[in-house]
Amino acid sequence: MTSPRPRISKAVIPAAGLGTRFLPATKATPKEMLPVVDQPAIQYVVEEATAAGLTDVLMITGRNKRPLEDHFDRNYELEDALRRKGDDERLSRVQASTTLATMHYVRQGDPKGLGHAIQCAAPHVGDQPFAVLLGDDLIDPRDPLLTMMIDCQAEHGGSVIALMEVDPEQIHLYGCAAVEPVTDRVMRVTGLVEKPDTADAPSNLAVIGRYVLHPGVFEVLAKTPPGRGGELQLTDALQAMTGDSALGGPVHGVVFKGRRYDTGDRGDYLRAIVRLACERPDLGPGFRSWLRTYVTEEMPGLD
């Protein structure tokens with residue numbers, strides 16, 4: 001009798017990047033702490049992990065990332081000040097981040113790429129499958145992508161990546177997958193290319209920042225040479241795993257068709273704030289009214 005595959009319980013969030021695209025704002029502030037409306041981007045990511053049942057969260061950090069730890073820790077002075085003022089609503093919001101998950105932290109000493117950051121998680125993860133969530137991609141909680149990926153891994157084993165159809169002219173910005181359909185939403189991944197030229201891309205299915213990985217990825221990464229940009233690329237390791245169950249394969253992809261907010265680009269970051277603010281019940285009505293007036297009557301350069 002085949003024993004059931006273990007249900008995953010741990011999430012890894014790489015957060016050691018320098019955030020150079022947002023300089024000078026990120027000179028002293030981690031990019032993950034930049035607010036999306038009134039909550040730092042990193043909190044949305046941790047909330048997504050816990051909503052999928054992953055309450056053991058390891059964050060891969062680096063120098064100048066201490067504010068990430070502070071955000072998920074208690075702030076007794078602030079909490080006491082809010083309590084004495086009777087500001088229960090803000091007190092509740094401040095405390096929410098401290099009870100989301102059991103948080104762990106490890107530093108990535110050298111910025112050698114996503115693959116290297118994931119290697120840093122090996123002692124914490126052990127020999128169990130685990131999820132990886134990249135902080136630049138915010139997934140709307142109404143579209144439970146991570147839960148679908150965990151279910152896919154439970155059914156098929158191996159590793160699972162998130163895929164999204166993009167304009168072919170944009171595929172050079174992403175990892176790209178060659179696939180064979182299993183269902184309308186699940187694909188068997190037969191090959192992966194990191195940021196291919198448009199003419200060489202095997203599909204328009206881009207890899208976005210969610211993964212459920214077999215622990216065999218650590219052994220593969222240890223044998224993977226530096227790839228694009230001289231960094232250790234997770235895409236290269238997954239490529240080696242696609243056809244070899246002994247290395248932790250197969251690799252499947254879940255095609256995501258829901259709402260995704262890209263905060264890794266300045267323009268998309270601003271669009272994400274506008275979209276989320278418009279949908280907030282406390283901010284949306286007034287903000288949408290102002291935005292409509294601004295766009296139709298006040299925007300410079302419009303007749």
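**Cavity lining.** I looked up which residues line the largest cavity of this predicted model. They are Leu-192, Val-207, Tyr-211, Leu-234, Thr-235 and Leu-238. Two elements, strand S11 (205-213) and helix H9 (234-241), each give two or more residues to this lining. H9 contributes the most, with 3 residues. By class I have 5 nonpolar residues, 1 polar and no charged.

**Cavity count and volume.** I searched the whole structure and found 1 cavity of 30 Å³ or more. The volume of the largest cavity came out at about 30 Å³.

**Largest pocket.** I then turned to the open space. The largest pocket holds about 1,500 Å³. I counted 45 lining residues, with Arg-21, Lys-31, Leu-134, Asp-136 and Lys-195 nearest the centre of the pocket. At least two lining residues come from each of helix H5 (114-119), S11, H9, strand S13 (260-262) and helix H10 (266-279). S11 gives the most here, with 4 residues. I sorted the lining into 18 nonpolar, 13 polar and 14 charged residues.

**Second largest pocket.** I noted about 500 Å³ of space in the second largest pocket. Its lining has 24 residues, and Tyr-44, Glu-47, Ile-139, Asp-140 and Pro-141 are the closest to its centre. Helix H1 (41-51), strand S7 (137-139), helix H7 (145-156) and H10 each give two or more residues to this lining. H1 supplies the most, with 4 residues.

**Cross-check of elements.** I see S11 and H9 listed for the largest cavity and again for the largest pocket. H10 is listed for the largest pocket and for the second largest pocket.

Notes
Residues numbered from 1 in each chain as written. Predicted model: local features only at pLDDT ≥ 70, side-chain atom pairs only at ≥ 80, totals over all residues. Heavy atoms only, no water. 1 Å grid on protein atoms, 1.4 Å probe; cavity = no way out; pocket = protein on both sides within 12 Å on 5 of 7 lines; lining within 4 Å. Points joined across faces, edges and corners; volume = space filled by probe spheres on them. Nonpolar A, V, L, I, M, F, W, Y, C, P; charged D, E, K, R; others polar.
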